[in-house]
Protein chains: 2
Amino acid sequence: MKVLIVEDDPLHRSYLHEAVRAALPECDTVLEAENGHAGEVQARQSRAEHVVMDLQMSERNGIEAARTIWRERPDTKILFWSNYSDEAYVRGVARIVPEGATYGYVLKSTSDERLKLALRGVFIESQCVIDREVRGIQQKSLGTAHGLSDAEYEILVDVALGLTDKAIAQRKKLSLRSVQNRLQQLYEKLDVYDEPGNGPEGWYNLRMRAVAVALLRKVLNASALERGERELRSARGN
Amino acid sequence: MKVLIVEDDPLHRSYLHEAVRAALPECDTVLEAENGHAGEVQARQSRAEHVVMDLQMSERNGIEAARTIWRERPDTKILFWSNYSDEAYVRGVARIVPEGATYGYVLKSTSDERLKLALRGVFIESQCVIDREVRGIQQKSLGTAHGLSDAEYEILVDVALGLTDKAIAQRKKLSLRSVQNRLQQLYEKLDVYDEPGNGPEGWYNLRMRAVAVALLRKVLNASALERGERELRSARGN
DNA sequence: TCTTGTCTTGCGGGAATCCGCAAATTTTGC
DNA sequence: GCAAAATTTGCGGATTCCCGCAAGACAAGA
């Protein structure tokens, strides 16, 4: 059994290496890669079916890397090991998990014991192991109260990239007014309307404020923006 | 001699602890804090004059913590030790360094040797030690070509927070048109005008696109946004 | 003093936004 | 198969943004 570790921080990498050795005696080979791109190459060459992957890496982040790995071998078991549980990350991972694939998502702040359990659970028992806190974010993002639907989230990304309503309408094949409707839903869910009494009204540019709030709440993050920008550019130059 | 380490990652914290022990035999006490807030408290209680500080921590980030520490004792020597050299961080640090204070800024990816040199340089020799790469960012942010002036940067933050032109004008005590002028400078420097030929014109909402570009280039980051938001709220409720 | 350059401000208009209203269309539930 | 609910779309307008143009304000320098 082979395990591939994709992690850019040397300290965390060697810690993970130790943890894998300790938790998985049946593992005979541990490979390492120091960024997403190297990880893809390694996974392809070594045919490793078990991957521990950091999200947030320079060069190429974990979500991108996981997506190409899964595209080539959808039965690869991937355990995401991340510092943060930003809704943007959770959503990003959920978007790329293939049908029926087994994966895990644990935070770097979890105990050695729980990391061990996750390693065995995902790699040996083929269970999906999601950290408690991550699970909470997942739930929240589905709740209709504050949670954004996929449609709303996509609009949010387009807006955040700086596209005009017209451009979004064209991209999403919708009428101008529909895009604006979606935007209004966003404004309500993100609660960007300045309540009267809190200074004069009209303090906020709603479009910009919505993005700011999404960033502050980690519904969006830099990684999601970069992903969107790449997609935008590739769609442009088709 | 006392050294305070403020770092939320346990692995990095113990690594730093070792590095300090090895580089500074004249140091008899090493204290640790696991987030910015605890760091402030520790610094106050222990009167440590030498601090190694991570930027990007939850609870309270390094820039905030450093600012309050320096406000209480401006002669404290602080070595910033960070994963990234985002222009937003570099700018954030530069904004809070007191007159004549000595500090350093090294990346976590530097070698043990250079970390050691930085520790001795800042704490013993009272030199300012700035990593090569960080220095590069500093220079670039000053170059008039793409670099934003402080005035432009402040407008950028206000826009990113979602304020309207009118609100910014009021906040900054400028006329509406002056704010819009500053915005136009921003648009030019961030190069948000879609060149003709690249699809139909009017793809971009300039205001939003400027912020998106700033985020993608790391001129802005989530930390800077949070700082801005806090200032905004405190200014509101005065 | 006069010039030159930078910064600020006002005016005006074209374009984009935000959004209420209502009809048309699709989806959902039974 | 049909009615209720949700979504999409068009229209019109108030507001805001974006920006060219030009007139003051201010500082530096010859």
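Me: Hi! Which domains is chain A divided into?
Reply: Chain A splits into domain 1 (2–142) and domain 2 (150–236), with bounds from an automatic or database domain assignment. This is a predicted model, where local features need pLDDT of at least 70, side-chain atom pairs count only at pLDDT 80 or more, and totals for chains, interfaces and linings use all residues. Residues are numbered from 1 along each chain as its sequence is written, chains are lettered from A in the order in which they are written, and side-chain values use heavy atoms, leaving out hydrogens and water.

Me: How far apart do the C-alpha centres of those two domains lie?
Reply: The centres of domain 1 and domain 2 of chain A are 30 Å apart.

Me: And how many residues are in contact there?
Reply: In chain A, 11 residues of domain 1 are in contact with 12 residues of domain 2; contact means heavy atoms within 4.5 Å.

Me: What about the area they bury?
Reply: About 1000 Å² is buried between domain 1 and domain 2 of chain A, 41% of it on carbon and sulfur atoms. Buried area is the accessible area (1.4 Å probe) that two parts lose on being put together, summed over both. Ala88(A), Arg91(A) and Arg95(A) supply 42% of what domain 1 of chain A buries against domain 2 of chain A, more than any other three residues.
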